[in-house]
Amino acid sequence: MPYISVIIPVYKVEDTLRRCVDSVLSQTYADYEIILVDDGSPDTSGEICDEYREKHENIIVIHKENGGLSSARNAGLEIARGEYVMFLDSDDYLTDDCLEVLASHSADMIIGSIYCQMKDLQFHSQLPTEDRLIPRERFGEEVPGLLSENRINFVHAKLYHRQVITENELSFEDDQLTSAEDTVFNFLFLVFAQNIYVSAKSVHYYTFNGNGLAREFHPDRYVRRQRLNDSIARSVRKGGFETEAMRRGLNLFTALGAYFVMIDTLAQEDIAPSLRLRILDSIREDEELLDAVQSQREYLEKDGRYKDLLYLIDN
């Protein structure tokens with residue numbers, strides 16, 4: 001059995017798929033399998049998957065009807081055999097030592113750092129962090145920091161102990177429910193995880209896709225954001241790691257999430273002014289948001305980056 005199963009959803013990525021798969025095949029660590037999930041891609045991506053399968057014994061290909069990113073990841077999970085699972089988007093790619101770095105640690109969730117491509121197309125490392133093992137009893141104190149640093153918001157650059165997933169029947173939820181299925185999955189996983197290892201080493205290239213689904217404008221985006229907040233809160237309660245630090249962290253996450261939705265709504269030039277106003281008013285009238293902002297007001301007022309958030313909420 002392979003030690004790591006790398007699950008790669010594939011949909012309309014004929015231009016980037018080879019770079020992604022080749023980055024796994026060139027790893028300095030060899031004990032892995034690759035599961036390519038062709039999610040009904042209408043371009044040649046499915047054929048490219050088959051080409052790789054013919055050349056490499058450790059590559060498995062699934063062809064399925066289009067069901068979205070979560071559906072594709074779940075299909076890969078169903079046949080994964082590794083002790084650990086990694087989820088890799090097909091427009092991203094890995095450093096040559098990614099699997100070796102992550103596999104050198106032992107924890108239920110192993111988190112690596114990323115190189116994030118910004119709008120200028122240049123890659124920038126995440127903020128520096130320290131290598132450390134976080135036991136479950138420290139989740140309430142440490143997870144808020146992981147959330148604010150965007151280390152727990154995505155599935156990128158992570159290994160998940162597959163036994164935690166299978167024993168607790170975890171899966172990715174419908175992409176359309178929250179538009180943040182990665183964050184939801186991570187918090188569902190943490191309910192049952194016993195520890196987390198954080199590595200300071202950057203091992204994953206996260207590429208900027210200006211046309212990605214996550215950047216589409218949805219009039220119900222704030223409703224999706226509310227579902228996300230509720231999902232995280234449920235996981236925190238179920239996992240039993242409610243602390244004052246966690247409460248502050250989630251309140252800040254709620255406030256900033258609303259701010260990003262408001263800014264995105266104001267930037268839309270193709271929607272009617274009446275719709276824009278309805279969306280903004282619905283956000284400003286959300287009692288849970290107002291409570292979250294009020295609880296963090298002193299912090300938000302001290303940090304000049306958030307003055308626009310307070311202005312939009314208060315006016």
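This is a predicted model: local features need pLDDT of at least 70, side-chain atom pairs count only at pLDDT 80 or more; totals for chains, interfaces and linings use all residues.
Colleague: Why is the contact between Lys302 and Glu298 called a salt bridge?

Modeller: The rule asks for a side-chain nitrogen of Lys or Arg within 4 Å of a carboxyl oxygen of Asp or Glu. The closest N and O atoms of Lys302 and Glu298 are 3.5 Å apart, so the pair qualifies. By this rule the count comes to 18 salt bridges.

Colleague: What makes Arg18 and Glu51 a salt bridge, and how exposed are they?

Modeller: Their N to O distance is 3.0 Å, so they pass as well. The pair links distant parts of the chain: Arg18 is in helix α1 (residues 17-25) and Glu51 in helix α2 (residues 45-55), 33 residues apart. For exposure, buried is under 20% relative accessible area, exposed is over 50%, and partly exposed is in between (1.4 Å probe, protein chains only). Arg18 comes out at 37%, so it is partly exposed, and Glu51 at 33% gets that label too. Both Lys302 and Glu298, by contrast, are exposed.

Colleague: Why do Phe123 and Tyr205 count as edge-to-face?

Modeller: Rings of Phe, Tyr and Trp (its six-membered ring) pair if their centres lie within 6.5 Å; planes under 30 degrees apart are stacked, over 60 edge-to-face, the rest tilted. Phe123 and Tyr205 are 5.1 Å centre to centre with 80° between the planes, so edge-to-face it is. Phe123 belongs to strand β7 (residues 123-125) and Tyr205 to strand β10 (residues 195-206), 82 residues apart.

Colleague: And what are Phe185 and Phe189 called, going by their planes?

Modeller: Tilted, because their planes are at 35°, with the centres 6.5 Å apart. Phe185 has a relative accessible area of 1%, so it is buried, and Phe189, at 0%, is buried too.

Colleague: How do you know that the charged end of Arg73 sits over the ring of Phe172?

Modeller: The test wants NZ of Lys or CZ of Arg within 6 Å of the ring centre and within 35 degrees of the ring normal. Arg73 is listed as sitting over that ring, 5.0 Å from its centre. Arg73 is also linked with Asp89 and Asp182 in a network of salt bridges.

Colleague: What makes a nonpolar core here, and which residues have the most contacts inside the largest?

Modeller: A core is a set of buried Ala, Val, Leu, Ile, Met, Phe, Trp, Tyr and Cys residues joined through side-chain atoms within 4.5 Å. The largest has 40 residues, with Phe87, Leu190 and Ile196 having the most contacts inside it. Helix α8 (residues 181-190) gives the largest share, five residues.

How values were computed: Residues are numbered from 1 along each chain as its sequence is written. Side-chain values use heavy atoms; hydrogens and water are left out. Helices (H or I, at least four residues) and strands (E, at least two) are DSSP runs, numbered from the N terminus.
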